[in-house]
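Please keep the structure in view while reading.

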Amino acid sequence: MKPTYLLAAAALAFAPAAHAEGIGAEVNYGRADGHWGTEIGAGYAMDIGGFKLTPGGGVYLRDGDTKLYGRVEASYTLPASATIGAGVRFSGDNTRPYATLAMPLIPKLRAKANVGPKYYAVGLTLGY
């Protein structure tokens, strides 16, 4: 079974116990799949015992081409401070783990950075 299906099944297994935090959107610029481009995506955050589980996906725009991607992040927000966590990004045949850090700019708007092997991006997150 592909890792994508395993993670989706795990997310669905936790969904009944999760408290919904809401929908959010992201715009990032970075390097993925060997190319520079822009990620435009959305996700749905669920609160699980102080942590957030956020499955999502979107479109990766690069070199005049578009590619779909999916991701799952687990994060924790320090009181009145940064959000730290880890995630996995799926695009085509590539699965990339990464660390994530987000800093609040104003309520519900954060600057965000993702860094992992052969994947890094910076951008803005609205919502969640």
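## Residues, strands and spaces

Ala80 is exposed, with a relative accessible area of 88%; exposed means over 50%, buried under 20% and partly exposed in between, with a 1.4 Å probe and protein chains only. The model is predicted, so that local features need pLDDT of at least 70 and side-chain atom pairs count only at pLDDT 80 or more, while totals for chains, interfaces and linings use all residues. Residues are numbered from 1 along each chain as its sequence is written, and side-chain values use heavy atoms, with hydrogens and water left out.

Ala80 lies in the loop between β4 (65-77) and β5 (83-91); strands are DSSP runs (E, at least two residues) numbered from the N terminus. Its C-alpha is 9.7 Å from that of Met103, at a separation of 23 residues in sequence.

Arg89, in strand β5, is buried at 2% relative accessibility. Its side chain makes a polar contact of 2.7 Å with the side chain of Glu39. A polar contact is a pair of N or O atoms within 3.5 Å; within protein, one must be able to donate a hydrogen and the other to accept it, and residues adjacent in sequence count only if both atoms are side-chain atoms.

Strands β2 (residues 35-48) and β3 (residues 51-62) pair in the antiparallel sense over 9 bridges, where pairing requires at least two bridges found by DSSP. Met46 has Leu53 as its bridge partner in β3. The two strands, β2 and β3, form a hairpin with 2 residues between them, and Gly49 in the turn has a positive phi of about 55°.

Rolling a probe the size of a water molecule over the atoms shows where empty space is left. On a 1 Å grid over the protein atoms alone, a cavity is a set of points where a 1.4 Å probe fits but cannot get out, and a pocket is an open set with protein on both sides within 12 Å along at least five of seven lines; lining residues have an atom within 4 Å of a point. Grid points are joined across faces, edges and corners, and a volume is the space filled by probe spheres set on the points.

| Space | Volume |
|---|---|
| Largest pocket | about 200 Å³ |
| Largest cavity | about 150 Å³ |
| Second largest cavity | about 40 Å³ |

Glu39 and Arg89 are among the residues that line the second largest cavity, and β4 gives the largest share of that lining, 3 residues.

Conventions:
Helix = DSSP H or I, 4+ residues; strand = E, 2+ residues; numbered from the N terminus.
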